[in-house]
Amino acid sequence: MSRSERIRRFYDELYKKYGPQGWWPGDSPLECIVGAILTQSTSWKNVEKAISNLKGSGLLTAEMLGLVTAEELAALVRPSGYYNQKALKIKNFISFLGADYGGSLERMFTEDKSVLREKLLSIKGIGPETADSILLYAGGMPVFVVDAYTWRVLSRHGIVPAETTYAEMQEVFTDSLDEDAGLFNEYHALIVRLGKEHCKKSNPVCEGCPLEFDPHFV
DNA sequence: TGCCAGGCCGGGT
DNA sequence: ACCCGGCATGGC
């Protein structure tokens, strides 16, 4: 079976097992972007508390996030960890949004996909995974998101070598799948689900893989 | 209790 | 071009 076939088959197995994951959990593109920053190396549970604080304070608008100080913001996002850094990252993004798109997310997402990706990557605090999460989950653009789970899950299943780079990992998916934002959305979420439940660090050989057809053994 | 969570940056080799 | 320490809270 070719690698592309395995990638497609793997998705089918994941979807059959877990079904749709409902990502991104959030009410608006802005909430999604803030969540993407706050969840850097942090569990979603902690992020939910931080988002809840922001909502409760009425700060979850581009305008309010532009007005609040980094210190005030840090206090509110405290439960998500790395709070001083994350407050600055959010401020950096909002500054960029104001400068380049007049504070309008709608305008931002009319930008060319690869141009916008480069712009996002130039913001201090936004790296490849966060940029791609914003493009896919906030903007609905067909970009495949790669994260720590993607490496672990795919290398454990023998689909890619462990040293695969971020760009190569994206190609593995985009070369094998239709360019479909809905599919990319679901696939990434399903990988995270499997990673959390079975392909954990503490389970180095993914003992008890829940998939009927485990690509590892092909 | 200790380890880990949906990264990224900056400085050192 | 890699490698590593720093950043930090909360859950299991």
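The model is predicted, so local features need pLDDT of at least 70 and side-chain atom pairs count only at pLDDT 80 or more, while totals for chains, interfaces and linings use all residues. Residues are numbered from 1 along each chain as its sequence is written, and chains are lettered from A and ligands numbered from 1 in the order in which they are written.

**Domains and core**

- Chain A is divided into domain 1 (3-22 + 145-217) and domain 2 (29-138), with bounds that come from an automatic or database domain assignment.
- The C-alpha centres of the two domains lie 26 Å apart, and seven residues of domain 1 are in contact with six residues of domain 2, where contact requires C-beta atoms, placed from the backbone, within 7 Å.
- On the side of domain 1 that touches domain 2, α12 gives the largest share, three residues; helices such as this are DSSP runs (H or I, at least four residues), numbered from the N terminus.
- The largest nonpolar core has 48 residues, and I33 and I90 have the most contacts inside it; such a core is a set of buried Ala, Val, Leu, Ile, Met, Phe, Trp, Tyr and Cys residues joined through C-beta atoms within 7 Å.
- Because domain 1 and domain 2 both give residues to this core, it lies between them.
- Leaving aside residues up to four places away in sequence, I33 touches F93, I134 and A138.

**Helix α12**

- Among the buried residues of α12 are F184, Y187, L190, I191 and L194, a residue being buried if 20 or more other C-beta atoms, placed from the backbone, lie within 10 Å of its own.
- The elements that cover the buried residues of α12 include α1 (3-18), α9 and α10.

**Around the DNA strands**

- Of the 27 residues around DNA strand B, those that come nearest are Q40, S41, G127, T130 and A148; a residue is near a strand if its C-beta atom, placed from the backbone, lies within 6 Å of it.
- Two or more residues of this surface come from each of α9 (128-138), α10 (148-156) and α12 (181-197), and α9 gives the largest share, five residues.
- The largest share of the surface near DNA strand C, three residues, is given by α6.

Methods:
Two residues are in contact if their C-beta atoms, placed from the backbone, lie within 7 Å. A residue is buried if 20 or more other C-beta atoms lie within 10 Å of its own, exposed if 12 or fewer, and partly exposed in between; C-beta atoms are placed from the backbone.
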